[in-house]
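The sequence and the model are shown first, and a description follows.

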Amino acid sequence: MLAEAGTNKIVEALSELNVQTIVHIPKVGPFDFSISNAVIYMWASAVIVFLFFFIVARRLKKEPDGLQIVAEILLNFATGHLTGQLTEKGKKYYYLILTIFSYILVTNLVGLIPKPDALLPYTPTANINVTFGMAIVIFFITQYQGFHRHGVRGYLKSWLTPPGVPKLMRAPLNAIFFVVHFMGEFFKPLSLSVRLFGNTIAGHVIILVMLGLLLQYASAIVIIPAGLFVVIMLAFEVFVAFIQAYIFSLLSVVYIETAINSSH
Amino acid sequence: MDAPTAARLAAGIGMGLATIGPGIGIGLLTGHTAEAIARQPEASGDIRTAFIIGLALAEALALYAFVIAIILLFVVK
């Protein structure tokens, strides 16, 4: 969908971003339920995350070994550093945040592993639908917490001007504040999803364009710098995978926490 | 100039312009973070968290432009 394969090698390399249908299932209305490589890698990463924590939880020891050390680092990260801002009230979201963090990390890393032709590589987080799906969950939790804890009046009141504004200016400022906050609530999930999607796909596009350059102009002048760039960029992508998983979960925590403590 | 040519031109120029703002922002952010850590090394954990949040918010601006550029390149035919 993003680019058709043609004679140009760069365009051909970019076609790797297309979704490859593995098992074709007829469309139901506008919905396409075909099993594509994106879906398979999503399931695979979900299974990896599940199995990892399941296996660790089944054989917990006093003196942690191998896997348990990794799991404890992740858990400490999620419950301590990451959700350090979530107060006692938001404690039940520790595990949601931990799951989101591990899932994004695994999906980002899964896309970097070379794979056979039958199942082309695809990073699920390089698809706006996946990231928006996760962001919309955070959106509903945020709104639920806001309305549940402060009531409809209390929560809507927190969108208006803070106390201390002169009486004369309160009415026009209230209108502006309400519109800005109302729009802001909808832009939160949008920016959350576009950030993750953009970061992932931008890295892949750069790598693919460089690989396309290698294939298109097969001469030493291009191959040496472009090849080096691809290697460095791939290493950087591993770093970005961690940073983006961290940022997505951190901002989710910030949003939920703002809704929980939204009274002025 | 026909529509696809204009769209390609707009994607390239727009992407280039969009990196200016976040570039300045991330530069300032990194500089001040380094300064803050040098001044108070024991607070480096908190400073780093704030740095990463700011980094994410700043670079998201360039990514919005990137998404628009992709739309311009591949949707306008």
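## Secondary structure of chain A

In this predicted model, chain A contains seven helices and two strands. Their order along the sequence is α-β-β-α-α-α-α-α-α.

## Dimensions and burial

The C-alpha trace of chain A extends over about 70 × 55 × 45 Å along its principal axes. Chain A has 264 residues, of which 30% count as buried. Among the contacts in chain A with a separation of 6 or more, 62% are between residues 24 or more positions apart.

## The largest nonpolar core

The largest nonpolar core comprises 51 residues. Those with the most contacts inside this core are A:I97, A:I100, A:F101, A:I104, A:A245, A:F248 and A:L251. At least two residues each are supplied by helix 1 (9-14), helix 2 (37-58), helix 4 (94-110), helix 5 (128-157), helix 6 and helix 7 of chain A, and also by helix 3 (44-75) of chain B. Helix 7 of chain A gives the most, with twelve residues.

Leaving aside residues up to four places away in sequence, A:L251 touches A:L192 and B:A56.

## Where chain A meets chain B

Contacts between the two chains involve 13 residues of chain A and nine residues of chain B. On the side of chain A that touches chain B, helix 6 (167-216) and helix 7 (220-260) each supply at least two residues. The largest share, six residues, comes from helix 6 of chain A. By class, this side of chain A has nine nonpolar, three polar and one charged residues.

Conventions
Residues numbered from 1 in each chain as written. Chains lettered and ligands numbered in written order. Predicted model: local features only at pLDDT ≥ 70, side-chain atom pairs only at ≥ 80, totals over all residues. Contact = placed C-beta atoms within 7 Å. Helix = DSSP H or I, 4+ residues; strand = E, 2+ residues; numbered from the N terminus. Nonpolar A, V, L, I, M, F, W, Y, C, P; charged D, E, K, R; others polar. Buried ≥ 20, exposed ≤ 12 C-beta atoms within 10 Å, placed from the backbone. Core = buried A, V, L, I, M, F, W, Y, C linked by C-beta atoms within 7 Å.
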